Every structure is written in structure tokens, then in C-alpha cells.
Amino acid sequence: MGKSLLQKVWDLHTVRTLESGQTQLFIGLHLIHEVTSPQAFQMLRERNLSVRFPQRTFATVDHIIPTHSIQRPFEDSLAEAMMEALEENVQETGVTFFAPGSGKQGIVHVIGPENGLTQPGMTIACGDSHTSTHGAFGAIAFGIGTSQVRDVLATQTLSMTPLKVRRIEVNGELQPGVTAKDVILYIIAELGVNGGVGYGYEYAGDVFDRFSMEERMTVCNMSIEGGARVGYVNPDETTFEYLRGRPYAPSGDAWDRAVSFWKSIASDADADYDDVVQFNAEDIEPMVTWGITPGQAIPVTGNVPRPEDASGEERANIELALQHMKLEPGQPIAGTRIDVAFIGSCTNSRISDLRAAAEVAKKGQVAPHVRALVVPGSEQVEAQAKAEGLDEIFRAAGFDWREPGCSMCLAMNPDKLVGDELCASSSNRNFIGRQGSPTGRTVLMSPQAVAAAALAGEITDVRNVL
Amino acid sequence: MTESTLQPVKTLTGRGVAVRGNDIDTDRIIPARFMKVVTFDGLEKHVFEDVRFDQDGNPTDHPFNREEYQGASILIVNKNFGCGSSREHAPQALMRWGIRGIIGESFAEIFFGNCVSLGVPCVTLPADQILYLMELVESDPSVGIEIDLEAPAVRVPARNQEWVAELPDGARKRFLKGTWDALAVLLDSGELIEATAQRIPYLNDFATAS
Ligand code: SF4
């Protein structure tokens, strides 16, 4: 019986099995940002410990960074204090920092891949739940808490409970207008927000074989929304081609050695899985959420569920969600008026996302009542988009073009919903209060669908404008 | 926190407080706007902020606001508690408010792990027993609840009740041995860590990032 990639990577990085039965796992790449790292550095100082492998940690600033101006000091003194703490910490410890203006700053899950730091067969940790994104390269990548950030800084290892592996195959061909975002929203709606607890998800099948790296990242990014801490796609030629020539990717002779290692780490054809699920690509339509968890998603052509069609707990969940979203049971989701359109976040702020959204933006003007913003995922994405004239397309259509960062994905910077505004968003979480207003409402969808909603002023089937 | 403060966690006893609802995410436990901090101090003031105060800033009847639950140390929750962001600010805020242990139907994985590193056990019970416990602490906020990690079990001594609770064995051992804060154990591996690094191809055969 062969092994899955997860098992192989796990074995390769095992330092030892701890008395608790957990594994002490070596972490090949550690990424940090300003929100979850300052307390970890503080804890190190309190214990008089240093950073064990400073060359394996890379830092960026993304969550708190303003997107209208990165002029220092930041207007928000709390944000400025966090930025200063990060600057001090990296300086003191020798960790590489991709600072604003360096050309490498951006959302942590965008910059790892685009700089070639994220590679197949690695273990990757970051104090951020969407670290699962990096699994797109065939890495085992997971989010950790601040005490664990401390553990990685001090030892380059973590105490981890072994994971089971569920292989999720999507076979067949996606319909036109159906994106990677729709695929992952569909998978979560099918398997539930809890379905992945205890599992790593291995995504496979025709659809993933054909997907670009950016599409794979979109899917892996949201694994955590399905309860799976880790999601990955086996590395293949698409992966290698993406990495070739990136700043931190191997080159010359080392490249060939790398590729042979990367090939060897992929799941064996006869690998043993704890579970296998299969979906048909043809069944997937453009998806939107109607509720307050990413699993509460339906095709854009569908109707919001009625509590009376469900029972018990499910019924209560639907009632609560409809109440917050101010939607009527059974109403079509299309046609729901939006107030804000947000294109950005580590799920969908890469160049291919912006290109797809710009294609739609070209076809009209943002509806007068809609506030629309586009926030590129990184300085590199921003530069590329500008080189292609995408910023001009968005501006001409009435979108606000911003500097890179997390922005309205979680509203730790000035970009926030106000009151009960309803936002069509290309991000990954529609939790109550997520976008900065306790009564704000979030509808998750693909970036092109957000652009379509911005033009129409309401949720609409993106296929009508393609 | 220093290593000397690390104690085994075997039994926790305290008054309970119930927060009802499935999928209560970490944004709800501590909204992101309160994470603009470089220490965890004072986070307890904002735990559950958006449901504890209405739009005009007036306190709601959320259990964390109510007089009778001040000083409660056992939190009782439903399914998938702590889902969403990996922010340790969430368990930190709960712990600083006074929560020492959590009983729920299920927990999100990262939240669970964060709680372990803080010495706050999260044990699970079936839905009907959770419901019973919730109703119990809602009708009698003074009732004592015990989490026994050795068994593991949850008890209501005043009513002579006991249920078998679940807690993954690895986490259970870490509490019982006082190694719930992983760092000391990890540091113990000393040179084994370097030895592991030396056999990992991307750190040696084709290293580029150092
Ligand atoms: S874009 Fe959103 S989900 Fe991604 S890292 Fe930033 S805040 Fe987290």
C-alpha cells in the first residue's frame, strides 16, 4: 500500500513522537504577520530564548495596513504600534521582512507562493488559519495560534496531532462561468463547515489537474472553512512551471534535484486514504452564500432556504442566518440589493482574479448606490495589474483601486462596512461582524461575480454578463 | 508565563456559564478590531463584545454581562465552537475573563489546540447532555460543575450526576503531566531538531532561502 503526500511529508519532518502521542514536526517555512506574532516574540523574551532558524521565517504586514495610503506613521496609532513592534522584532531576530515599498509586501498567503518560498513537500506554518492556501503546491500548511508561533520561533518545530486524509475528487468539466471559488463553496456546502475536522483534504481529479496554481490556491485557502486544517493538491508540471524562476525557487542544477524530490513526494497511485469523496464538475454552478457561515451557500440561481423545510438544529441555524442577513425565506438570492462590492483577500486577489473581474468591469459602470473597491493581494500583483492596465479598467468602471492588504476581508484597517450594509465579497468568511460592522452582511462569491454584482447593484448570475 | 507556573491540570471545579449557538466563530468571541494590540492584556473586556452590547453601546442580557455569572469558570457551548480564525486572542480573552475549562458538543481544531497551549481543556459531551447542562446553569447559576481529566468525566456533584466526557488522548496526557504548554517538551529534543533539518532535501540539496 502506498502513501499519501501528507503521510510522506509528515514522516520526513518528524523529529520524534512525544509522550502525548503527538508528533514533534519540523517546520520548513514559517510565515509571520503583525497580528499574531508580537505576543510570541514577547514570550520568547520572557523566557530568554532566541529564534532558532531565523532564515526559515519570513514576515509581512497585511492585516492592519491601510489601503488608501501607506504613509508613516499610520493614521491609526494602534496600527502604527503593531507595525513598529513587527519592525523591532524582525530587526532584533534577523528575520527577513517584506516591508511596504519593498516590492514584496502583501497578504501573507499571496507573497509566499509568488516569491517561490512555498514549495512542494514542505511543512509550512503561520499564525493564520488560511495558511492552508500553500497546500496548493503540495505542501502541508496549517494555521497556528500565537503560543505555537512562539514554539516555531524557538524550536522550528510544533507538537501536532497526526491527521487523517480525505481525498476529494472533482471529475468532469466545469461549466463556463464556474470558477475555483464556486468549486470550494460547493464542496463546503456538501461536506459541511465541520466535515473536515481531523482531516487533511487532498483535492484531486480532472478539475484540479486542469486548474492553474492560482485556482488551486483559492480552493486550498478555504479548506479551513470546511473544518480541515490542511488542504493540498499533489505537485505536477503546473506546479513546477509556476515555481520556475521565482526569487526563492531553486535554479540551475538545484532545480533538477528539486523537481525530482517534488515528484517523489506526491501521493502514490495506490495511496491509502481514510476517506474518498467524489463530485461531478457538471453539477457545480456559480455559488453565493446566503447565511453566516461559508457552508450556507447555494447556486446563484437558487432560492434561500426556508426554516420550515428543515428540522431541529438545522432549522434554528437557518432562522438565525436569515434574521441576520435580513433575507426572506424562499426568496431568490439573485436580485438581492448590495451596498458594497469587495474584490480582494487571500482567496481571490491574485492577478488571475483581477483579470477575470476586470473582464466583467469592462462591460459597464458600478451602480450609483454601490461602493466598490479592488484591493490587490500584494505589491507584485499590484504592479502586474498596473502593467496590464487593469487598474484603469476598474477606475473607469467606478471601482476604487487600492494598495495591497487584507482590507475589508476582516476590517482591521479603515475599510469597513457601515451599519447593516450588504457586501458582495470575494473573501472567505461571512461570519457576523467579520467585515467590521456587527450588523454588516457578507455574501461570498467569486471575484467576477462580485464585479457583476457591483455593476448590477444586486446579486446576479455572472454568466449573464460574460 | 514561565515554565515554573506550569502545573498539571487534573480537575477543574467551578460555576458554569452557557453560551448557546452552533458555529460560534472567533470573530464573534473577539472581534478583529480588538486585535490591534501587541499584548493580550485587557482582552477580557471585549470578549463577545458585539453580542454583549447593542448598537447604542448598552449591555444586552448576554450571560457574560449578567451578575450571576460573574466568576463562572466553566463555559458550556454547542457545536463547532471557535471556528474561523486561528487567533489565540479568542481563548486568551475567554481565559482572562475567567474561563478555565470548556464543555461543548465539538470544537474547531485550531481553537482546541490554542486552548491546550493555554492550559484550558475543552472536553466534549453528547448534545443532550450539553442541553441538560445549559438548562441547569441557566436555572441555577450557583451550581458547581466539575471537569475531571483523569476519567475523563463531567460531574455535577450536587446532583450526583456524572457523564463520560471525551478529550483526545494526546491533549489529556499533556494536561495531566503538566506539559500542556508544549515549548518545554519541544526544546527538550535539542539536537534531534538539527538532525531532522539535515535530512530534509529542501534545506540541503537545493536550499535557496537561507
Ligand atoms: S485576506 Fe482575510 S483571510 Fe486572508 S489573511 Fe488577510 S484577513 Fe486573513
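What follows is a set of questions and answers on this predicted model.

Visitor: How many disulfides are there over all chains?
Guide: A disulfide needs two cysteine sulfur atoms within 2.5 Å. For B:Cys115 the closest cysteine sulfur is in B:Cys122, at 3.7 Å, so the two are too far apart for a bond. Over all chains, the number of disulfides is zero.

Visitor: Is B:Cys115 buried or exposed?
Guide: A residue counts as buried under 20% relative accessible area. B:Cys115 has a relative accessible area of 1%, so the term that applies is buried.

Visitor: Which domains does the assignment give for chain A?
Guide: The domain assignment places residues 5-160 of chain A in domain 1. Domain 2 is written as two segments, 164-234 and 261-283. The remaining entry, 287-465, is domain 3.

Visitor: How much area do domain 1 of chain A and domain 3 of chain A bury between them?
Guide: The centres of domain 1 of chain A and domain 3 of chain A, taken over C-alpha atoms, are separated by 28 Å. In the contact, 26 residues of domain 1 of chain A meet 23 residues of domain 3 of chain A. Carbon and sulfur atoms make up 56% of the buried area, which is about 2000 Å².

Visitor: Which three residues supply 33% of the area that domain 1 of chain A buries against domain 3 of chain A?
Guide: No other three residues of domain 1 of chain A supply more of that area. They are A:His63, A:Thr67 and A:Ile107.

Visitor: How many residue pairs are in polar contact between domain 1 of chain A and domain 3 of chain A?
Guide: Salt bridges between domain 1 of chain A and domain 3 of chain A number zero. Polar contacts are counted separately, with both residues at pLDDT 80 or more, and the residue pairs number 16.

Visitor: How many salt bridges does the rule find across the interface of chain A and chain B?
Guide: The contact involves 82 residues from chain A and 64 residues from chain B. A salt bridge needs a side-chain nitrogen of Lys or Arg within 4 Å of a carboxyl oxygen of Asp or Glu. B:Lys177 and A:Glu19 form one, with their closest N and O atoms 3.1 Å apart. Across the interface of chain A and chain B, the count is seven.

Visitor: Which helix gives the largest share of the side of chain A that touches chain B?
Guide: Between chain A and chain B there are 30 residue pairs in polar contact, both residues being at pLDDT 80 or more. The largest share of the side of chain A that touches chain B is seven residues, from helix α5 (residues 146-155) of chain A.

Visitor: Where is A:Pro73?
Guide: Most peptide bonds are trans. The bond that joins A:Arg72 and A:Pro73 is cis, with omega about -15 degrees. A:Pro73 sits in the loop between β4 (57-60) and α3 (77-93) of chain A.

Visitor: Is A:Gln156 buried or exposed?
Guide: Most residues other than glycine have a negative phi. A:Gln156 has a positive phi, near 60 degrees, and lies in the loop between α5 and β8 (157-160) of chain A. With 0% relative accessibility, A:Gln156 counts as buried.

Visitor: Is A:Asn48 buried or exposed?
Guide: A:Asn48 is not a glycine, yet has a positive phi of about 60 degrees. The relative accessible area of A:Asn48 is 72%, and the cut-off is over 50%, so A:Asn48 is exposed.

Note on methods: Residues are numbered from 1 along each chain as its sequence is written. Chains are lettered from A and ligands numbered from 1 in the order in which they are written. This is a predicted model: local features need pLDDT of at least 70, side-chain atom pairs count only at pLDDT 80 or more; totals for chains, interfaces and linings use all residues. Side-chain values use heavy atoms; hydrogens and water are left out. Buried means under 20% relative accessible area, exposed over 50%, partly exposed in between (1.4 Å probe, protein chains only). Domain bounds come from an automatic or database domain assignment. Contact means heavy atoms within 4.5 Å. Buried area is the accessible area (1.4 Å probe) that two parts lose on being put together, summed over both. A polar contact is a pair of N or O atoms within 3.5 Å; within protein, one must be able to donate a hydrogen and the other to accept it, and residues adjacent in sequence count only if both atoms are side-chain atoms. Helices (H or I, at least four residues) and strands (E, at least two) are DSSP runs, numbered from the N terminus.
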